[in-house]
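User: I am new to this structure and would like to understand the terms used to describe it. Please take me through them with care.

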Amino acid sequence: MGTPEQSTVGGPAASWAGRVGGLAGSCHPGPVAAVTALMTALAVTAGQGAARCVLTAAAVLTGQLSVGWCNDAYDARRDITAGRRGKPVVDGTVGVTEVWMAAYGALALCVPLSFACGLWAGAVHLTGVAAAWAYDLWLKATAWSWAPYAVGFAALPAFVALGLPGQPWPAWWVVTAGALLGVGAHLGDVLPDIHGDLATGVRGWPHRLGPDGARLLLPVPLVAASAVLALGPAGPPGRWGIAALAVAGLVAVAGTVLGRRWERAAFAAAVAVAVVDVALLLLRGTGIA
Ligand SMILES: CC(C)=CCC/C(C)=C/CC/C(C)=C/COP(=O)(O)OP(=O)(O)O
């Protein structure tokens, strides 16, 4: 474990390659990769051309990287004091100053990349990124911690739609589904760490609900997103839409029942419903604008 002093300079023995690895580890690589891949796939199915898809992917990637690095840099002192595992700033692989520089560098790239997709597209994406920075710097420990997730995840498909030829406004249902998925993602992100967070005094919205309340609520926004994605677009939902909605509902109920005994069952069920949502989002991708 590093001391705060070691960690602000990246640890005395951290090699160049080690620091790059530390930076990669402190950007929250899983969510960064998942969100970037999903939005790139949505851009393809929505009908963006190849060059625009690359721009969309680059803007989303830099936005997500900036948010992930800002989060670890801002939390570094608390994480170091708590000796938190799995954080490169804690074990001294990379310094806090370097993580801050990476966060600002990614943000500086994200601004022109977002506006290169169009004025409205850029404004909407950067609103989502600003909301996510507000989460990192302030809202995470308040009852409003869900709001930046709702805004950020609503902004992402809107950014893709506004990046299409003619800059069309996004359909209401894809923005609503994005917001609901964001709230679900927040509950799902907090739930595994909720006991540790409560011990260190973090009091976001899921923490105020308590571990049982957060676990019970977790599938609600995710199934609501399934319903919006299946039933929202104009025209009949089709057999696949109805089948996906039924699967999401059944898996959520099973997760809630089994989750009383095995906490992991609730989490696994939520992940399964989120997978259904992602499939529905991509199936509906052609009509998001
Ligand atoms: C458009 C856009 C940018 C959308 C993203 C929306 C958003 C609010 C993302 C936050 C992601 C993040 C770094 C969570 C870490 O939370 P944590 O501090 O609870 O997790 P940790 O303690 O494990 O690092």
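User: Which residues are closest to the ligand, and how many surround it?

Analyst: This is a predicted model, in which local features need pLDDT of at least 70 and side-chain atom pairs count only at pLDDT 80 or more, while totals for chains, interfaces and linings use all residues. Residues are numbered from 1 along each chain as its sequence is written, and side-chain values use heavy atoms, with hydrogens and water left out. With that said, 19 residues surround the ligand, and the closest are His 28, Asn 71, Arg 84, Lys 87 and Lys 140; a residue is counted as near if one of its heavy atoms lies within 4 Å of the molecule.

User: Which elements give two or more residues to the shell around the ligand?

Analyst: They are helix H4 (50-82), helix H7 (119-137) and H8, and H4 gives the most, with five residues. Helices here are DSSP runs of H or I with at least four residues, numbered from the N terminus.

User: Why is His 28 called partly exposed, and what is its phi?

Analyst: Buried means under 20% relative accessible area, exposed means over 50%, and partly exposed lies in between (1.4 Å probe, protein chains only). His 28 has a relative accessibility of 26%, and therefore counts as partly exposed. His 28 sits in the loop between helix H2 (16-26) and helix H3 (29-46), and has a positive phi of about 65 degrees although it is not a glycine. Most residues other than glycine have a negative phi.

User: How do you know that His 207 is buried or exposed?

Analyst: The relative accessibility of His 207 is 4%, so this residue counts as buried. His 207 lies in helix H11 (residues 205-217), and its side chain reaches the backbone nitrogen of Gly 204 at 2.9 Å.

User: What span does helix H6 have, and what is expected?

Analyst: Helix H6 (residues 96-115) has 20 residues and reaches 29 Å from its first C-alpha to its last, close to the 28 Å expected at 1.5 Å a residue; the expected span is 1.5 Å times one less than the number of residues.

User: Where around H6 are its buried residues?

Analyst: The buried residues of H6 are Val 96, Val 99, Ala 102, Ala 103, Ala 106, Cys 110 and Ser 114. They cover an arc of only 110 degrees around the axis, which puts them on the same side of H6, the arc being that of the directions from the helix axis to the C-beta atoms. On the other side of H6, Met 101 and Ala 108 are exposed.

Note on methods
A polar contact is a pair of N or O atoms within 3.5 Å; within protein, one must be able to donate a hydrogen and the other to accept it, and residues adjacent in sequence count only if both atoms are side-chain atoms.
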